[in-house]
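I opened my notebook to look through a new model.

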Amino acid sequence: MHLTKEEEKILNGEKGEVMERLFRLLVRLGDIYDAKKMIPVGSVQVAGVSYKSIGDPGTEFLEDIAFKGARVKVLTYLNPAGMDLEDWKKYGFPADFAKNQLRIMDAFKKMGIVVTSTCTPYLAGNLPRFREHIAWSESSAVSFSNSVIGARTNREGGPSALAAAICGVTANYGLHLWERRQPTIKVNVKVDLNFNSDFGALGWYIGKQVKNKIPYFTGIKNANTDQLKALGAAMAASGAVALYHVEDITPEADLVNTKGLESISIGKSEIKETYNLLSTGKTPDIVIFGCPHASLREISTLADKLDGKKLKRPVWICTSRMVKEAAERMGFNEIITKAGGSIIADTCMVVSPIENMGYKTTGVNSGKAANYLPGFCKQEVCFANIDDLVEGQL
Amino acid sequence: MKGRTISPGIAESEAIVTTEPIGFYGGIDPKTGIVIEKGHPLKGQKISGKILVFPFGKGSTVGSYVIYGLKKNGVAPVGIINKETETIVATGVILAGIPCIDHIEIDKIKNGDIVNLDADNAICTIKKI
């Protein structure tokens with residue numbers, strides 16, 4: 001790989017030990033994946049924020065970098081933390097967990113990272129443009145920015161995203177290159193999708209089928225950003241899909257080459273089968289919405305459904321601090337709280353320690369959450385649409 | 001078999017092989033090295049001290065930290081062999097210093113084979129028992 005004189009200096013340790021170590025990681029990745037050069041990135045999103053996911057080894061790694069004075073060069077956001085960073089006591093997050101989580105947040109803040117924690121940075125003030133090179137890492141955010149916005153990022157590992165933030169560059173390979181953004185399989189959707197959970201089920205099924213390919217969807221008549229967010233998140237969880245195209249809907253769909261592609265179809269029975277497969281439990285102890293983090297539109301829909309009602313069992317809605325702020329201003333938070341639900345910010349069900357908070361069965365409308373909850377939170381799952389989930393808790 | 005170096009180093013151990021991709025985050029317990037993903041062919045098995053052979057990584061990008069954590073907790077595999085290593089696994093093994101190569105026809109390696117992995121030269125050799 002070609003390195004500029006400035007970059008050589010970093011590698012020789014002239015910009016300090018931390019820069020050298022992190023830049024070396026980027027160069028190593030660039031060499032492995034045949035990058036010809038480094039490219040500047042417009043923004044970064046760093047994953048590996050919850051104490052639950054990175055543990056003591058990750059925490060010490062981050063504190064070491066922060067302590068040695070490394071600072072980020074570009075706008076950098078964080079993935080969800082393991083708890084609501086302000087109201088953790090109120091929602092029953094354990095105190096020893098909170099102590100470690102706050103250590104991690106301090107380390108990030110020292111590095112100059114914006115300590116808002118969300119998997120939807122594009123809804124909270126970190127919005128890349130079409131064709132902008134970025135280094136994002138949370139798998140659903142990567143999918144959304146690549147597919148729905150048309151920005152360019154690989155699926156960065158938590159540490160390689162952090163390295164890109166501190167160095168301000170990433171290696172030019174993979175999805176940064178136009179020729180690598182071409183679809184590799186066609187997916188014909190032969191079923192009407194209504195609920196956001198239908199998009200989650202579609203995504204989960206297709207992710208399993210296509211693994212790390214780039215799908216080109218036809219037959220999806222309409223989809224808003226919430227539904228595309230659900231689709232991409234599920235595909236990145238059950239498979240390794242970092243980019244997808246949807247005919248007439250996503251920005252690169254008209255530009256890519258679809259000739260001669262292998263093609264698969266999905267109909268009503270596969271969607272139904274997926275709902276059944278993802279539902280391992282019977283009655284949820286708790287229903288959690290907001291995987292990926294809920295948009296203001298999703299919260300407003302839930303507020304409508306909960307207005308004047310009384311919940312028998314808890315309903316959480318996970319979102320970013322910014323969207324919660326707007327929900328408070330609109331009175332949605334008050335409506336939801338009165339009904340017995342909670343809007344929880346900065347965290348989500350997958351990265352928070354819900355298995356230690358007495359919950360055994362979780363209801364979700366997210367294909368991604370349904371994928372991760374059994375393994376990482378030891379939960380039985382009820383995968384259903386928003387109406388059935390809300391109805392069941394009343 | 002000759003492949004491509006992802007992370008240098010040398011290791012020899014029993015192979016634990018799967019044709020399914022592995023998502024380290026939520027798929028493997030970083031404290032014990034046991035596969036916990038529901039429905040995964042390796043569920044319940046321990047990867048610690050073995051040469052872990054799988055096609056490619058999948059799922060959450062926090063996987064890099066899980067690989068790093070496995071190493072720090074002393075329960076990591078001693079080597080990794082892939083068909084195609086994607087960035088999540090690559091970042092993890094480089095950071096953790098676990099020898100890793102890819103571009104290997106992994107279906108030639110059987111569960112329980114003793115495998116010698118020379119990641120410095122991107123070579124792996126199967127020693128049948």
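My entries below go from ground rules to chain A and then to chain B.

**Ground rules.** This is a predicted model, in which local features need pLDDT of at least 70 and side-chain atom pairs count only at pLDDT 80 or more, while totals for chains, interfaces and linings use all residues; side-chain values use heavy atoms, with hydrogens and water left out. Residues are numbered from 1 along each chain as its sequence is written, and chains are lettered from A and ligands numbered from 1 in the order in which they are written.

**Chain A, overall.** I looked up the helices and strands first (DSSP runs numbered from the N terminus: H or I of at least four residues for helices, E of at least two for strands). The C-alpha trace spans about 65 × 55 × 35 Å along its principal axes.

**Two helices.** How do α7(A) and α8(A) cross? I found that their axes come within 7 Å and cross at roughly 30 degrees. Axes are lines fitted to C-alpha atoms, for helices over the stretch in contact, with angles from 0 to 180 degrees between N-to-C directions. The two helices are therefore roughly parallel to each other (angles under 35 degrees count as that). Among the residues that meet are F199(A) and W204(A) from α7(A), and L231(A) and M235(A) from α8(A); contact means heavy atoms within 4.5 Å.

I noted a cis peptide bond between C291(A) and P292(A), with omega about -10 degrees. P292(A) sits in the loop between β10 and α10 of chain A. R131(A) has phi near 70 degrees, positive although this residue is not glycine, and lies in the loop between α4 and β4 of chain A.

**Chain B sheet.** I traced 7 strands in an open, mixed sheet, ordered β1-β5-β4-β3-β2-β6-β7. The edges are β1 (4-7) and β7 (123-127) of chain B, each pairing on one side only. Pairing needs at least two DSSP bridges between two strands. β1(B) and β5(B) run antiparallel, joined by 3 bridges, and T5(B) has I101(B) as its bridge partner. Finally, α2 (87-96) of chain B lies across β1, β3, β4 and β5 of chain B, at about 65 degrees to β1(B).

How values were computed:
Angles under 35 degrees count as roughly parallel, over 145 as roughly antiparallel, 65 to 115 as roughly perpendicular and the rest as oblique.
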